[in-house]
Amino acid sequence: MRIAMLEDDIDVGAAIKQWLEAAGHTVHHYTQGKAMVRELGRESFDLYLLDWHVPDLSGTEVLQWLRQKQQIEAPVLFATSRDSEADIVAALAAGADDYMVKPIRRLELLARVDALIRRSRARAIEPTNIDMPPYFMDLSNRTVAVNGVVIEMTDKEFELSVFLFQNIGQLLSRGHITESVWGRSSEVQSRTVDTHMSRIRKKLDLGPLNGLRLTPIYNFGYRLERVSPVA
């Protein structure tokens, strides 16, 4: 999963980043709140890991920006040295989903991250088929059918389709899409992403007739969303 982390302690941040990436996640580490907010205006993530006291913009202010201004619903985990009951309650009331007190323990962190992501997506960690009439995606056999007709797709087209359907309604940045489908070390160009999106739109006939719309968001990315089917 793609994680944005706000942590001003370089050593602590490096350790947490190493733990999470060893578990298969992609981590973008920010040491300043304003720098993180600027980047989040162009990027999307599956989970946000926030420290409380950081230079120029606190973790709680970043949280308020995520929830109130951007209306981002992805889970937020606080990891901070503040351990009073009042602080924990304040963070949760502001929109945090979970709270950890430093020093952070590796296994507990990984368990909490997995639980938050699993809960937010309301699905098991193990792949399950996607049944969203007229679409059916068999993840074991890697096939996509529309109205019962199997559509011929390349591996990347299939993986991109699954990613979009698993995140229906979510605004996904190009970077998020690229890292999730092509890998975090990939140097895929924006044109490649656009080409694959165009092919998927045509092959799956994404439009009002089938109750879905794939919308490009200028200078950001894409969103697959439900629309009222055309009679």
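Me: Which backbone oxygen lies 2.9 Å from a polar atom of the side chain of R67?

Reply: This is a predicted model, where local features need pLDDT of at least 70, side-chain atom pairs count only at pLDDT 80 or more, and totals for chains, interfaces and linings use all residues. Residues are numbered from 1 along each chain as its sequence is written, and side-chain values use heavy atoms, with hydrogens and water left out. A polar contact is a pair of N or O atoms within 3.5 Å; within protein, one must be able to donate a hydrogen and the other to accept it, and residues adjacent in sequence count only if both atoms are side-chain atoms. Here the oxygen belongs to G95.

Me: Why does R67 count as buried?

Reply: Buried means under 20% relative accessible area, exposed over 50%, partly exposed in between (1.4 Å probe, protein chains only). R67 has 19% relative accessibility, so it counts as buried.

Me: What is R67 in contact with, leaving aside its neighbours within four places in sequence?

Reply: Contact means heavy atoms within 4.5 Å. For R67 the list is I72, E73, A74, P75, V76, A94, G95 and D97.

Me: In which helix is the place of R67?

Reply: Helices (H or I, at least four residues) and strands (E, at least two) are DSSP runs, numbered from the N terminus. R67 sits in helix α3. That helix spans residues 59–69, and its buried residues include V62, L63, W65 and L66. They pack against β1 (2–6), α2 (33–40), β3 (47–50), β4 (76–80) and α4 (85–93). After α3 comes Q71, with a positive phi near 55 degrees.

Me: Which residues are buried in α2?

Reply: G33, M36, V37 and L40. The arc is that of the directions from the helix axis to the C-beta atoms. These residues cover an arc of only 100 degrees around the axis, so they lie on the same side of α2. Their cover includes β1, β2 (26–30), β3 and α3.

Me: How many residues has the largest nonpolar core?

Reply: A nonpolar core is a set of buried Ala, Val, Leu, Ile, Met, Phe, Trp, Tyr and Cys residues joined through side-chain atoms within 4.5 Å. The largest has 27 residues, and L160, F165 and L206 are among those with the most contacts inside it. Helix α6 gives the most to this core, with six residues. Apart from it lies another core of 23 residues, among them F45, V54, A74 and V76.

Me: How many helices and strands are there?

Reply: Eight helices and 12 strands. Of the 231 residues, 46% count as buried.
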